[in-house]
Amino acid sequence: MPEQDDDQREFDLQWADQAAHKEPSARARMLAARWKENPPEPVPFRGDPEPAAPRRSSWVSTTIVLGCVAAVILVLGYARFQAPY
């Protein structure tokens, strides 16, 4: 039975692909209607890049990471110190 379903599905796909007229998708119709009234401006293939935000220096990142590691070590040490034996 599953073989017949696969064969039928393959037939349906081939039949749909051979259709003479294919209706555009809803999004394509919406964009065509919108662009008919207000066409988009041409966009270059590679436009000018947006100005990037200033990067944080590497020593600031290193300080933040080391500070977090030190804080975790202190918290774990304090928790172990407070734990009853």
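Student: What pattern does the protein chain follow when read along the sequence?

Tutor: In this predicted model, the order of elements along the protein chain is α-α-α. The chain has three helices and zero strands.

Student: What makes the contact of Arg29 with Glu23 a salt bridge?

Tutor: The criterion is a side-chain nitrogen of Lys or Arg within 4 Å of a carboxyl oxygen of Asp or Glu. Between the side chains of Arg29 and Glu23, the N to O value is 3.1 Å, so the pair qualifies as a salt bridge. A search of the whole structure finds one salt bridge.

Student: Why is Glu23 called exposed, and why does Arg29 count as partly exposed?

Tutor: Exposed means over 50% relative accessible area, buried means under 20%, and partly exposed lies in between. Glu23 has 60% and is therefore exposed. Arg29 has 40% relative accessibility, so Arg29 is classed as partly exposed.

Student: What makes the nonpolar surface patch, and where is Val69 found?

Tutor: Val65, Val69 and Ile73 form the patch, with an area of about 270 Å². Val69 belongs to helix H3 (residues 58–82).

Student: How many of the 85 residues count as buried, as a percentage?

Tutor: The buried share is 1%. The protein chain exposes about 9000 Å², and carbon and sulfur atoms supply 61% of that area.

Student: Where in the protein chain is confidence lowest, and where is it highest?

Tutor: Helix H1 (residues 2–17) has the lowest confidence, at a mean of 69, and helix H2 (residues 26–37) the highest, at 93. For the protein chain, the mean pLDDT is 81, with 88% of residues reaching 70 or more. Where pLDDT is low, the predicted coordinates should not be read in detail.

Methods:
Residues numbered from 1 in each chain as written. Predicted model: local features only at pLDDT ≥ 70, side-chain atom pairs only at ≥ 80, totals over all residues. Heavy atoms only, no water. Patch = residues over 30% accessible without salt bridge, like charges linked within 9 Å, V, L, I, M, F, W, Y side chains within 5 Å. Areas by Shrake-Rupley, 256 points an atom, 1.4 Å probe, with all protein chains shown as cover. Helix = DSSP H or I, 4+ residues; strand = E, 2+ residues; numbered from the N terminus. Buried < 20%, exposed > 50% of the residue type's maximum accessible area, 1.4 Å probe, protein only. pLDDT = per-residue confidence, 0-100.
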